[in-house]
Amino acid sequence: MPTTKQTYGRVSLLLVAFTLSGASGLILQILWTLTVSTFFGVSAHAIATILAAFMGGLALGSWMGNRIVSKSSLSPLLLYAISEVIIVVSAIAIQLFFTHNSSLAHWMATYLSGYTFGALFLRFLLLGLLLLIPTSAMGASFPFFLRALVPKSGLDLRTVSAAYGCNVLGAAAGCFLTASVFLMKWGIPKTVFLACCMNGMAALIAYFLRRPVSEAVHQPKQSPVFSTKVLYFLVACSGFSAMAFEVLWSRIYRQALWLANPFQAFSYTLSLILIGMGIGSLLLLFVNRDRHSAIRLFAKLQWITAAFCILGITHIRWDIAFLFPGDPSFLYRTLSTLVLSGGAVTLGMGFPLLAKSHENIDKIGHLYALSALGGVLGTITGGFVLLPVLGVRGSLLFLSVGFVLTGILASQTQDARPWKLRRLPITIGLLTSLFAALGIGTATEDRIDFECHDCTLLWLNDGLEATTAVVRSAQGSNILYTDGRAIMPGALPQRTLTPFLVAPTIKRVLSIGFGSGQLARLVAQSFPKSQVDCVELDGNMVQTTEFFGTSDIFSLP
């Protein structure tokens, strides 16, 4: 019989392999996001495409992996090793294809140009299919790995938490190091090779440990805490809310830290969220709960996460920052980091607690697939619906209400005591009143994170790409802000036109970035016989012309 020390050593090595697998997955995700930007531009379309394709592949792979491992006679760890090898081969093939074959980019630019629904959908579909093989293999690795840890016994909360937490923390490390170190030192090809080496190491560890040292004791299956449909709905909601939370905070955190680079802001936000989710999952290692108490804890965490969503509203965080002595801007950024991390910790506990309520290892792949599918919907909804329609504040209020409702649904367990049911409406009533009061208070005074705190806000719009604002300074001049940074203070000096004077005739001018329209109007007025083409990524910029006296630019011939 193997000793306990041998068992712990084996499990530790397997967790190291799963950590490497998580790190590699996020490294490749970041690299693919940069690559897909070639086909979409550096925009929310590229980020949404890669996230949706990534999560969709995880969902498909997890569902297929669950079926394969339940019917295959091969060792689950051998299947896990095979999935890691598939990731290596397909990732290298995709990198070689994008590096040495520019015909796809040329064809898309020719026949699928523009931002119409049809062009965007076809580009999304073609690029998503290219990434389907590696992302599906990543998704299949999760049920393979968990089946290796618990071959026949019921799901243990600590086992799921350890595996999920290590994988997510590895993903956080891969995300942060890729954005801050690997890309700048090695570039994309060498970083892809590094990620493939990590997958190769994980495959080797799994292959050499493919024979189990002992057989787990079989435990009879127990009926779920509540109906399977309700469980599946809660799992999908958990994935939806986590990804929508990530999309919203990518915008919020970029403004709070005044980061001009959207890719850097996305990477930092994703790293913080993954670290928080990993820590939250690992915290469950110290919690010994049965299935019913696990669901009650999940319900409470949903309500806590709703509170974090409310704290994400700019106006509230500024008011809290001014309550303490010291630099309000530093306190505000610190508070923003704490709120983001706290919400991520509570989100990270969601999936392990829901998996514990089912205690059926045969369905773990289905649960993970549903969580990933919910993530796809959350990504698309957060980036393409909530932000443009409701704005940051409205989207946070929407998410907070959703967390409260899922908490209510989860709290209705089989062994809920009558006195708790009587207390529940009072609790929900108080929470709803609090949210309504905060919502009304913030809806009447829109605020944004900009450098001039003494300025008066004249106009604010949350666009698909950025949050744009026009403010009036204490001196009486209007200033245009995008994601918290001033891009056009005051009037444009005439010396901007100096570079044009070296050319005898100006036939055509390309102006990248519309801004407030001052440069485009100045060029058009100074060179009336030339054609001026102006390109702007964020469409809500053109709505600011009335504040800068440039609205007549649209009537110029």
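1. A word to start with: contact here means heavy atoms within 4.5 Å. With that in hand, look at Ser21, which sits in helix α1 (residues 4-40); helices are DSSP runs of H or I with at least four residues, numbered from the N terminus. Apart from its neighbours within four places in sequence, Ser21 touches Tyr80, Glu84, Asn167 and Asn199. Ser21 counts as buried because its relative accessibility is 10%, where buried means under 20% relative accessible area, exposed over 50% and partly exposed in between (1.4 Å probe, protein chains only).

2. Before going further, please keep in mind that this is a predicted model, in which local features need pLDDT of at least 70 and side-chain atom pairs count only at pLDDT 80 or more, while totals for chains, interfaces and linings use all residues. Residues are numbered from 1 along each chain as its sequence is written, and side-chain values use heavy atoms, with hydrogens and water left out.

3. Next, helix α3 (residues 76-100) and helix α6 (residues 132-149): their axes come within 8 Å and cross at roughly 165°. The axes are lines fitted to C-alpha atoms over the stretch in contact, and the angles run from 0 to 180 degrees between N-to-C directions. So α3 is roughly antiparallel to α6, a label for angles over 145 degrees. The crossing is left-handed, that is, the near helix is turned anticlockwise from the far one by less than a right angle.

4. Which residues of α3 and α6 meet? On the α3 side they include Tyr80, Glu84, Ile87 and Ile94, and on the α6 side Met138, Phe144, Phe145 and Arg147 are among them. The residues of this contact divide into 14 nonpolar, 3 polar and 2 charged. Here Ala, Val, Leu, Ile, Met, Phe, Trp, Tyr, Cys and Pro count as nonpolar, Asp, Glu, Lys and Arg as charged, and the others, Gly among them, as polar.

5. A second pair to view is helix α8 (residues 228-256) with helix α12 (residues 328-348), packed at an angle of about 170° with axes 11 Å apart. α8 is therefore roughly antiparallel to α12. Among the residues making the contact are Phe245, Trp249 and Tyr253 of α8, and Tyr332, Arg333 and Leu340 of α12. By class, this contact has 10 nonpolar, 4 polar and 1 charged residues.

6. Finally, the cysteines. The whole structure has 0 disulfides, a disulfide being a pair of cysteine sulfur atoms within 2.5 Å. Cys197 is partly exposed, with a relative accessible area of 32%, and Cys534 is partly exposed at 31%.

Definitions and conventions. Helices (H or I, at least four residues) and strands (E, at least two) are DSSP runs, numbered from the N terminus. Angles under 35 degrees count as roughly parallel, over 145 as roughly antiparallel, 65 to 115 as roughly perpendicular and the rest as oblique.
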